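Please find below some notes on the model under discussion.

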Amino acid sequence: GLAFPAVLCNANSNYFKKKGVNVRMYDVVALGELLIDFVHQGNNDVGYPLMQGNPGGAPGNFLSTLSKFGAKTGFLGKVGSDRFGRMLVKTFRDAGVETKGILVDDRYFTTLAFVTLDDSGDREFSFARKPGADTMLTIDELPKDLVTETKVFHFGTLSMTGEPARSTTKEAVRMAKEAGAMITFDPNLRRPLWSSMELAREQMLWGLRHADVVKIGQDELEFIFEGQDFKDSAKKLVEDFGVKLVFATMGKEGCYFINRQGSGQVPTFQEVKTIDTTGAGDIFGGSAVYQVFASGVAPEQLSTERLAEIVRFANAAASLSTTKHGGIPSIPSKEEVEAFLSRGV
């Protein structure tokens with residue numbers, strides 16, 4: 001697996017006690033939702049959508065990208081004791097993700113997401129999750145080594161929409177940070193899952209205040225900081241929230257990035273034939289985090305030139321993923337991304 005450099009972990013962590021010897025078991029561990037995405041594949045003869053099932057959930061797409069690129073990863077989550085839950089565990093095991101932190105619970109059903117697409121491939125979500133197994137994860141169910149023995153701990157907001165998963169997420173973030181992990185965060189707003197938009201904003205702000213590296217959509221920044229230009233909001237995260245590096249994705253416009261060294265914007269690749277954007281943002285995030293941590297430079301110290309290269313790689317990975325259906329099944333290999341970039345497109 002990929003050995004993420006020691007410089008990227010907090011100086012007060014146990015990581016340094018063995019004089020640079022890697023004592024962390026995992027490169028990246030993520031906590032969050034595991035679900036089945038049913039993606040629109042056209043309509044039947046009476047106009048109802050035909051749906052194709054794929055493994056999904058933002059943290060799972062993110063982790064699977066890192067695993068495909070060579071990182072040692074682990075997942076913390078819960079699925080139902082049903083066929084979909086068993087399929088998800090197998091999918092992540094096959095993807096090289098440590099699955100001992102995925103709990104199977106016969107009291108709840110695996111969450112299902114129904115993703116319909118418009119003519120441009122953009123998505124609209126409906127969820128079967130009342131409650132879904134992913135929302136019922138408790139802190140006592142987590143294998144503690146997956147929380148405390150990782151260099152990078154990642155979370156999103158779908159595990160923060162309700163209890164007990166919300167408290168579990170926050171306690172896991174606290175434990176990981178205390179153990180010296182770098183914290184990465186993706187707010188990933190899904191409006192139908194929140195009881196109120198005020199609660200959504202409150203929980204997203206909590207995540208932003210506890211994160212070192214953030215991948216966030218332009219629309220999410222505009223939601224959190226109403227009335228502000230999203231680039232000003234990204235700057236606010238660095239200057240006022242203590243975030244070390246922000247990737248603000250802009251859909252077809254590419255990505256804006258900012259850290260203490262500066263900021264920039266990298267366009268995406270318009271020439272690919274997009275058929276499904278499911279998981280593209282998560283694949284961007286996993287690709288960007290892979291490149292950041294493989295660089296050997298702390299996120300806040302990366303130059304704007306190096307960050308532009310990182311974003312170009314992540315844009316390429318995300319763009320290639322949109323040429324196939326689903327999230328995890330569409331993740332390109334590192335070699336495919338590099339070949340795409342080498343063509344000078």
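1. The buried residues of H1 are Ala58, Pro59, Gly60, Asn61, Phe62, Leu63, Ser64, Thr65, Leu66 and Ser67. Here buried means under 20% relative accessible area, exposed over 50%, and partly exposed in between, with a 1.4 Å probe and protein chains only. Glycine 70 follows H1 and has a positive phi, near 110 degrees. Helices (H or I, at least four residues) and strands (E, at least two) are DSSP runs, numbered from the N terminus.

2. This is a predicted model, in which local features need pLDDT of at least 70 and side-chain atom pairs count only at pLDDT 80 or more, while totals for chains, interfaces and linings use all residues. Residues are numbered from 1 along each chain as its sequence is written, and side-chain values use heavy atoms, with hydrogens and water left out.

3. As to the overall fold, the protein chain has 10 helices and 14 strands. Its radius of gyration is 19 Å, close to the 20 Å that the globule rule gives for 345 residues, so the chain is as compact as a globular protein of that length. The radius is taken over C-alpha atoms, and the rule is 2.2 Å times the number of residues to the power 0.38. The C-alpha trace spans about 65 × 50 × 40 Å along its principal axes, and buried residues make up 58% of the 345 residues.

4. The structure holds 14 salt bridges, each defined as a side-chain nitrogen of Lys or Arg within 4 Å of a carboxyl oxygen of Asp or Glu. One of them joins glutamate 178 to arginine 174, with the closest N and O atoms 3.2 Å apart. Both residues lie in helix H4 (residues 165-178), 4 residues apart, about one turn of the helix. Glutamate 178 is exposed at a relative accessible area of 63%, whereas arginine 174 is partly exposed at 40%.

5. Which parts of the chain does the pair of aspartate 212 and lysine 244 tie together? Their side chains meet in a salt bridge (3.5 Å, N to O). Aspartate 212 lies in the loop between helix H5 (197-209) and strand S11 (213-217), and lysine 244 in the loop between helix H7 (230-239) and strand S12 (245-249), so the pair links parts that are 32 residues apart in sequence. Aspartate 212 counts as buried, at 6% relative accessibility.

6. A further salt bridge is formed by the side chains of lysine 236 and aspartate 240 (3.6 Å, N to O). Lysine 236 is partly exposed at 27% relative accessibility, and aspartate 240 is exposed at 54%.

7. On the surface, Asp219, Glu222, Asp229 and Asp232 gather in a patch of negative charge. Patches of this kind are made of residues with over 30% relative accessible area and no salt bridge, like charges being joined within 9 Å. Aspartate 219 belongs to helix H6 (residues 218-224) and is exposed, with a relative accessible area of 54%.

8. Glycine 251 is placed in the loop between S12 and strand S13 (255-259), and counts as exposed at 58% relative accessibility. Its C-alpha atom is separated by 26 Å from that of asparagine 43, 208 residues apart along the chain.

Definitions and conventions: Patches are made of residues with over 30% relative accessible area and no salt bridge: like charges are joined within 9 Å, nonpolar side chains (Val, Leu, Ile, Met, Phe, Trp, Tyr) within 5 Å. Accessible areas come from the Shrake-Rupley method with a 1.4 Å probe; for residues, only the protein chains shown count as cover. Lys and Arg count as positive and Asp and Glu as negative; His and the chain ends are not counted. The place of a charge is taken as NZ of Lys, CZ of Arg, CG of Asp or CD of Glu.
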